[in-house]
There are 2 protein chains.
Amino acid sequence: MSTLAKQIDTLAFDAKKAALSLQSIPVSKVNNALKTMAKLLKSETAMLQKENKKDLKAAKEKGLSSAMIDRLTLSDKAIESMVKGLKEVAALSSNVGVTYDERIRPNGLKIYKMRVPIGVVGIIYESRPNVTVDAAAICLKSQNAVLLRGGSEAFHSNMALGKLFTSALETAGLPKAAVQLIPSTDRSAVDMMLKKDQQIDLIIPRGGESLIRMVVENSRIPVIKHYKGVCHIYVSPKADINKAIPIVINAKVQRPGVCNAMETLLIDSKLPVKKRVQIINALIDNKVTLFGDSETMKLSSAIKKATEDDWYAEYLDLRLAVRTVNGIDEAIDHINTYSSHHTESIITESKQETAVFLQQVDSASVMVNASTRFADGGEYGMGCEIGISTDKLHSRGPMGIEDLTTYKWIVEGNGQIRS
Amino acid sequence: MSTLAKQIDTLAFDAKKAALSLQSIPVSKVNNALKTMAKLLKSETAMLQKENKKDLKAAKEKGLSSAMIDRLTLSDKAIESMVKGLKEVAALSSNVGVTYDERIRPNGLKIYKMRVPIGVVGIIYESRPNVTVDAAAICLKSQNAVLLRGGSEAFHSNMALGKLFTSALETAGLPKAAVQLIPSTDRSAVDMMLKKDQQIDLIIPRGGESLIRMVVENSRIPVIKHYKGVCHIYVSPKADINKAIPIVINAKVQRPGVCNAMETLLIDSKLPVKKRVQIINALIDNKVTLFGDSETMKLSSAIKKATEDDWYAEYLDLRLAVRTVNGIDEAIDHINTYSSHHTESIITESKQETAVFLQQVDSASVMVNASTRFADGGEYGMGCEIGISTDKLHSRGPMGIEDLTTYKWIVEGNGQIRS
């Protein structure tokens, strides 16, 4: 076994041990660890920024884009934001230990479920070092041990943050293996991690589609993920155009580079031409490049011809696919065929159309008269977000603290045997 | 693409289409389909038994054990039991469409979850043809489409049952692709099925450990499973021996070949020797062969020496591993190390010990003063069971109709945009 393999082995084993002990501690200890970590981020800012400079120097030498360097930088503001996040997570309530679904059986057995941590969560992510702190905080708050593998660009920053977490855990009297970082940028470390199905209970990959596909292909551990966000808005003939236009613009333009931005707009052919043109022109005024089917192209000479690929595209910029559909059924068919099942919204004043759309669209979040940009843990009132799932098992859509818990069945008897 | 590959493609595609339409049908239609199927099983008994004879003939030629042939036989009694099962599932309540977890956000958005079917469920199982009917009924009741791949030994029986399901679905006005069987005994059909992650949402394998490992190794679709059941009972010094002995005997002897039977008994060294001997002798009287550590071996000359392998063993017969432990912490450590995380029970009159055991044992079902044999969907009041999960995500322990559902987020707005 290689040195690295032995290291991963030890990390996974220690994480499992820490997870078992985290199951039965009071949440106040966790909150203390989070608050201590917040203090350490401030008192150790100089050390953090010194380590961060090593990453920044390497990034500049590698010629990373200024946007990427920006995301990598542990500025005072970035650190302040992590501090704020830690305090917010510490203040959230936890439902670990809560019991529910109780039933008394005819034989007298009392059976119920108890909410418990999942165990060991593995997070595999790219570049931004703030994910190290945010993800660890949410995992810890739900009383899970976490094994973090960040991007190689942020290696020194992440290791420094990990060191502070170790210190915060020790101060709070928690096992220091509750938060661990993979101390290697070697790609094979990820493969090794993905095989530790005896120790790691859940993998959450965060990053580009290729990272996530690699994780899914190689993991023997359950993965919760979203590959991409191809979100749709359908404007029905019964839409209020004064809601439709701001929502369409907001969903595409406010922050086009994120997964809950709209990527395809479906406009009903029964919406009066004048209103359809208004929507198209509003998009063009906002510098959106449009790719449409032939029916949509009639609305403006600025619309380019869409190919089949455009219906699947996650542009993540100011491009948008637009299709004219004949009725709500065609809109729903289009969505259920091409969507990434992240978030879809209908703009309509009809209750009947709303009911059909909400029921028949098979996506994690289905909206009416709202911007797809709202699909977010914070906006849903979770207080934090560990990721967004387009999977259907365990958790769907934005995932918060409760999504990092599971349950066990408790059976209380008085000597019952089965006949 | 081979003919088989094309067939699997079509089956998966049709299942997905059926699943989308099943989302929004009234559950009364599903119940009609189940009741029609029950009637067809009775009116078509002769046809079923004729097809079943083909399987039985082949099984006898292959020299299958009489136990296996027994499980394969569609006797009048076996058919009556399927009819009963269908009627019971039809009578169960369904929570598809139920909404919960509602919150109104400061911006006026109304956000809640709606319980929905998972979509397409793939079941991969061995020999017993009754699984075809039971599994299809539970999947259908929760408004999922199901793709079934049964054991090759039951091929003709399963295809005949599938034909009846098609007819029942058509009578009830449901898409006939809601229940489909893979019409091939070719092993490669399973591999093809496991790659259809765009159409199939969940795979449930039911059978021996090697089948399940093969499925996990090859699936790109989430799998819920249990490899095996290595269930423990810990007899504390504070146990009531009049509860301990009947429970220990029941857990090992009543039906040793099933996953919720006890495989390791942990006896506390502080339990008086006389009581420890009573337990051991009761097991020996019930023809149980014991494998013990050196401390336990002192209790009877009939106890053979256990090896490390015995602590991991799922015997599924009248063998039992027995270990003497020093205190509850050692018992919990042993369980969390060697258990398959299926079901464990403590026998004690101490509330404090009960609390520690229930909280710290990391298994799907944790019991006090009850036989592990109760870990079962029927016994838990679910009315049915699609399988038992030792995984931690989505569902844990016995799985019923609700475990075959998920949720989507519904967001109701009135023109809100994100700032």
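## Strands β2(A) and β16(A)

A:Arg115 stands opposite A:Tyr407, a residue of β16(A). The two strands concerned, β2 (residues 110-117) and β16 (residues 405-416) of chain A, pair in the antiparallel sense over eight bridges. Strands are DSSP runs of E with at least two residues, helices are runs of H or I with at least four, and both are numbered from the N terminus; two strands pair if DSSP finds at least two bridges between them.

This is a predicted model, in which local features need pLDDT of at least 70, side-chain atom pairs count only at pLDDT 80 or more, and totals for chains, interfaces and linings use all residues. Residues are numbered from 1 along each chain as its sequence is written, while chains are lettered from A and ligands numbered from 1 in the order in which they are written.

## A sheet across two chains

Ten strands form an open sheet with mixed pairing, in the order β1(A)-β2(A)-β16(A)-β13(B)-β12(B)-β7(B)-β8(B)-β11(B)-β9(B)-β10(B). Its edge strands, each pairing on one side only, are β1 (99-104) of chain A and β10 (304-305) of chain B.

Strand β13 (residues 365-370) of chain A is joined to β16(B) by five bridges, and the two run parallel. Here A:Val366 stands opposite B:Ile410.

## Contact between the chains

Chain A and chain B each give 56 residues to their contact, where residues touch if their C-beta atoms, placed from the backbone, lie within 7 Å. On the side of chain B, the elements giving two or more residues are α10 (241-253), α15 (351-360), β13 (365-370) and β16 (405-416). The largest share, eleven residues, comes from β16(B).

That side of chain B has 23 nonpolar, 20 polar and 13 charged residues. Ala, Val, Leu, Ile, Met, Phe, Trp, Tyr, Cys and Pro count as nonpolar, Asp, Glu, Lys and Arg as charged, and the others, Gly among them, as polar.

## Helices α2(A) and α5(A)

Helix α2 (residues 27-43) and helix α5 (residues 76-91) of chain A pack at an angle of about 165°, with their axes 9 Å apart. Therefore α2(A) is roughly antiparallel to α5(A) (an angle over 145 degrees). Axes are lines fitted to C-alpha atoms, for helices over the stretch in contact, and angles run from 0 to 180 degrees between N-to-C directions.

The contact of α2(A) with α5(A) has ten nonpolar, one polar and three charged residues. Among them are A:Leu34 and A:Met37 in α2(A), and A:Met82 and A:Leu86 in α5(A).

Key:
Parallel < 35°, antiparallel > 145°, perpendicular 65-115°, else oblique. Contact = placed C-beta atoms within 7 Å.
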